[in-house]
Amino acid sequence: MKAMIFAAGLGTRLKPFTETMPKALVPVAGIPMLEILIKHLQKNGINEMIINVHHFAEQVISFLKENNNFGVNITISDESGLLLDTGGGLKKAAWFFRDNEPFLVQNVDVLSDLKNREKLYK
């Protein structure tokens, strides 16, 4: 299964943290939100992800490289030149989902529990 992580936003609700880092790298209990989300998605069977970036994009890309993408197949959708918002970001990444399989879309700054996702399909 595939997922898209929206991580391009400016993180205005998380200021002052996001004045020097992207919201994706703001730590929760000492761990960047992006890391928490990637590991959680991976643990729940999602092995391909696309992450859009804009605000401090280079920090997100460096973080992923430093951690070998946490062993996941990760593609970057770079919106550094223009923040596309939700619909535009999804449209730009549409090629990633052309296999007509179900996929998950999640904001990087929303932590959730997917372990009971099977209940959604009943």
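Me: Which residue in β5 is the bridge partner of Glu-48?
Reply: This is a predicted model, in which local features need pLDDT of at least 70, side-chain atom pairs count only at pLDDT 80 or more, and totals for chains, interfaces and linings use all residues. Residues are numbered from 1 along each chain as its sequence is written, and side-chain values use heavy atoms, without hydrogens and water. Strand β4 (residues 48–53) pairs with β5 in the parallel sense over six bridges; strands are DSSP runs of E, at least two residues, numbered from the N terminus, and pairing needs at least two DSSP bridges between two strands. The partner of Glu-48 in β5 is Asn-73.

Me: Which strands are at the edges of the open sheet?
Reply: The sheet has four strands with parallel pairing, in the order β5-β4-β1-β6. Two of them pair on one side only, and these edge strands are β5 (73–78) and β6.

Me: Is Lys-23 buried or exposed?
Reply: Lys-23 sits in the loop between β1 (2–6) and β2 (27–28). Its contacts (heavy atoms within 4.5 Å) include Phe-6, Leu-14, Met-33 and Asp-109, leaving aside residues up to four places away in sequence. Because its relative accessible area is 11%, and buried means under 20%, exposed over 50% and partly exposed in between (1.4 Å probe, protein chains only), Lys-23 is buried.

Me: How does Val-105 count by relative accessibility, buried, partly exposed or exposed?
Reply: Val-105 lies in strand β6 (residues 103–107). Because its relative accessibility is 36%, Val-105 counts as partly exposed.
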